[in-house]
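Trainee: Could you walk me through reading a protein model, feature by feature?
Mentor: Gladly; let us look at it together.

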Amino acid sequence: MDKLVQYIAESLVQHPEDVVVTRTEETDCIRVTLAVNQEDIGKVIGRGGRIAKAIRTVVKAASINSDKKVVVDIL
């Protein structure tokens with residue numbers, strides 16, 4: 001999942017070298033944290049959070065076979 005989030009984020013931002021994705025496994029979920037350059041945070045979140053919601057939807061669809069819930073946090 002972290003590679004998918006990194007690919008999507010790098011496609012959206014103007015500073016792809018600043019994209020950092022970390023993955024943390026917890027007992028009941030997998031937490032994927034996305035950090036981008038401050039100039040690009042608006043592009044990743046989108047107007048009204050539309051792009052952030054779309055990223056979360058794609059990750060949820062990609063993790064349908066996983067036993068754990070996948071949570072995407074954007075910093």
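Mentor: We will go through a helix, the core, the strands and the salt bridges in turn. Keep in mind that this is a predicted model.

Trainee: Which residues of α3 are buried?

Mentor: An α-helix has 3.6 residues a turn, so residues three or four places apart point the same way. In this model, the buried residues of α3 are Ala 52, Ile 55 and Val 59. Viewed down the axis of α3, these buried residues fall within an arc of 60°, so they line one face of the helix.

Trainee: Which exposed residues sit on the face of α3 turned away from its buried side?

Mentor: That face carries Arg 50, Lys 53, Lys 60 and Ala 61. As for the buried residues of α3, their cover includes α1 (2-12), α2 (41-45) and β3 (69-74).

Trainee: Now the core. Which residues of the largest nonpolar core touch the most other members?

Mentor: The general idea first: in soluble globular proteins, nonpolar side chains tend to be buried together. Here the largest nonpolar core has 16 residues, and Val 19, Leu 34 and Val 44 are the ones that touch the most other members. At least two residues of this core come from each of α1, β2 (29-35), α3 and β3.

Trainee: What is Val 44 in contact with, leaving aside its neighbours within four places in sequence?

Mentor: Val 44 has contacts with Val 13, Leu 34, Val 36, Ile 51, Ala 52, Ile 55 and Ile 74.

Trainee: On to the strands. Do β1 and β2 pair in the parallel or the antiparallel sense?

Mentor: Strand β1 (residues 20-25) pairs with β2 in the antiparallel sense, over six bridges. The two strands form a hairpin, with three residues between them. Val 21 has Leu 34 as its bridge partner in β2, while Thr 22 stands opposite Thr 33 in β2.

Trainee: And how do β2 and β3 run, parallel or antiparallel?

Mentor: β2 and β3 run parallel, and six bridges join them. Thr 33 has Asp 73 as its bridge partner in β3.

Trainee: How many of the residues of β2 are buried?

Mentor: Five of its seven residues are, so β2 is largely enclosed by the rest of the structure. Thr 33, which is found in β2, has a relative accessibility of 16% and therefore counts as buried, the cut-off being under 20%. Not counting residues up to four places away in sequence, Thr 33 touches Val 20, Val 21, Thr 22, Asp 73 and Leu 75.

Trainee: Finally, the charged side chains. How many salt bridges does a search of the whole structure find?

Mentor: The search finds four. One of them is between the side chains of Arg 23 and Glu 25, at 3.0 Å, N to O. Arg 23 is partly exposed, with a relative accessible area of 39%, and Glu 25 is also partly exposed, at 48%.

Trainee: Where does Arg 23 lie, and what is it in contact with beyond its neighbours within four places in sequence?

Mentor: Arg 23 lies in strand β1. Leaving those neighbours aside, Arg 23 is in contact with Met 1, Asp 2, Ile 30 and Arg 31.

Trainee: Which side chains does Arg 31 meet in salt bridges?

Mentor: Arg 31 and Glu 26 meet at 3.2 Å, N to O. Arg 31 also meets Asp 73, at 2.8 Å, N to O. Asp 73 lies in strand β3 and Arg 31 in strand β2, so this pair ties together parts that are 42 residues apart in sequence. Asp 73 is partly exposed, with a relative accessible area of 24%. Elsewhere, salt bridges that share partners join Arg 23, Glu 25 and Lys 68 into one network.

Technical notes:
Residues are numbered from 1 along each chain as its sequence is written. This is a predicted model: local features need pLDDT of at least 70, side-chain atom pairs count only at pLDDT 80 or more; totals for chains, interfaces and linings use all residues. Side-chain values use heavy atoms; hydrogens and water are left out. Buried means under 20% relative accessible area, exposed over 50%, partly exposed in between (1.4 Å probe, protein chains only). The arc is that of the directions from the helix axis to the C-beta atoms. Contact means heavy atoms within 4.5 Å. A nonpolar core is a set of buried Ala, Val, Leu, Ile, Met, Phe, Trp, Tyr and Cys residues joined through side-chain atoms within 4.5 Å. Two strands pair if DSSP finds at least two bridges between them.
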